[in-house]
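Could you give me a friendly tour of this protein model?

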Amino acid sequence: MDFNQLHYFIITAETEHLTLAAEKLALSQSALSRSIQNLEKELGLLLFDRDGRGIQLNQFGKQFYQDALKLTEILASSKKEIQTLLDPDSGLITLGFTHTLGFSFVPQLLKSFRKLYPKNRFHFHESRTNELLEKIQSGELEIGLAVTKPQDPVFSSFPVATEKMIVLFSKKHALAQKKFFNLSDLINETFFHFNKGTPTREIIDQFLQQNNLIPHFSIDGLEIASILGLVEANLGIAIVPESVARSLTNICTYPLPLERTIFAIHKRQGFLSSASKRFLYFLHKS
């Protein structure tokens, strides 16, 4: 059973006349008869009562006519929705990103994109890098933004931006009273850290080791919102991406000679809608 068969049946049911229906459908009467007969064979019942003078819907045909109308309406609506999704000007873009990118980087990026393409729709997913890659690989997400360059050849990626890392502490902290301080001053502070093994945490750990800055006391396994809240409450300090601190008012920052790179990631052989391809082009340019 296909869309054409349903359409042919509906027209025939509404006319109850093979010759007239064939004319409306621009088909030969024999081709239309075969289509109706094949449909009846597939359903395992007759839809029309036939006599020498014509055809007439029987009780099964009347019921199937109502169902056929619903089915064609659903198919037409689905086709229209798919065409909308494929339209680069109004299509859906499924975008995932890691937690620290949601504070400022992604909103500012999308704000710039919206100025150029205001009609596109987005579906967002925020998660850790491993989950993000899994969803891209499975096709649940088309594009991801993360602080990692995947080594698996199933992925394609390119750098979108670099972002400075900073030391973050409360305005009430003793360090806020200093015009200058050495990195060695940080050793005695309580550090709030991201989860071990995450890309941003690895960047921070490498920097601390290279500069012999092993904190005497640190608390691991925190998400960015908790880190910011604890630092703002003057319970310790943290090293975070510069963008996450832009909206905070009770915070002081100190720049570090440290950066992280943000990558756009997509499946190398996966399907990409026209809208998503244009978004990737936008990321390339930005």
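In what order do the six strands of the open sheet lie? They follow the order β4-β3-β5-β10-β6-β9, with mixed pairing; two strands count as paired if DSSP finds at least two bridges between them. Please keep in mind that this is a predicted model, in which local features need pLDDT of at least 70 and side-chain atom pairs count only at pLDDT 80 or more, while totals for chains, interfaces and linings use all residues. Residues are numbered from 1 along each chain as its sequence is written, and side-chain values use heavy atoms, leaving out hydrogens and water. Helices (H or I, at least four residues) and strands (E, at least two) are DSSP runs, numbered from the N terminus.

- β6 and β10 run antiparallel and are joined by 14 bridges.
- Within this pairing, I166 stands opposite P255 in β10.

**Helices on the sheet**

- Helix α6 (residues 129-138) packs on the sheet and touches β3, β4, β5, β6 and β10; contact means heavy atoms within 4.5 Å.
- The direction of α6 makes about 165 degrees with that of β5.
- α9 lies across β3, β4, β5, β6 and β10, and runs at about 50 degrees to β3.

**A closer look at α9**

- Helix α9 (residues 274-285) has 12 residues and should span 16 Å at 1.5 Å a residue, which agrees with the 17 Å between its end C-alpha atoms; the expected span is 1.5 Å times one less than the number of residues.
- The buried residues of α9 are A275, S276, R278, F279, L280, F282 and L283; buried means under 20% relative accessible area, exposed over 50% and partly exposed in between (1.4 Å probe, protein chains only).
- Their cover includes α5 (105-116) as well as strands such as β3 (92-97) and β10 (251-267).
- S276 in α9 is buried, with a relative accessible area of 0%.
- Beyond its neighbours within four places in sequence, S276 is in contact with L92, I93, T94, E142 and I143.

- Q56 sits in strand β2 (residues 54-57) and touches E16, L47, F48 and D49, not counting residues up to four places away in sequence.
- E16 lies in the loop between α1 (3-15) and α2 (18-25), and has a positive phi of about 50 degrees although it is not a glycine.
- At 31% relative accessibility, E16 counts as partly exposed.
- A26 belongs to the loop between α2 and α3 (29-43), and its phi is also positive, near 60 degrees, in a residue other than glycine.
- A26 counts as exposed, at 70% relative accessibility.
- Q56 and A26 are 30 residues apart in sequence and 21 Å apart in space, C-alpha to C-alpha.

Technical notes: Axes fitted to C-alpha atoms, helices over the stretch in contact; angles between N-to-C directions.
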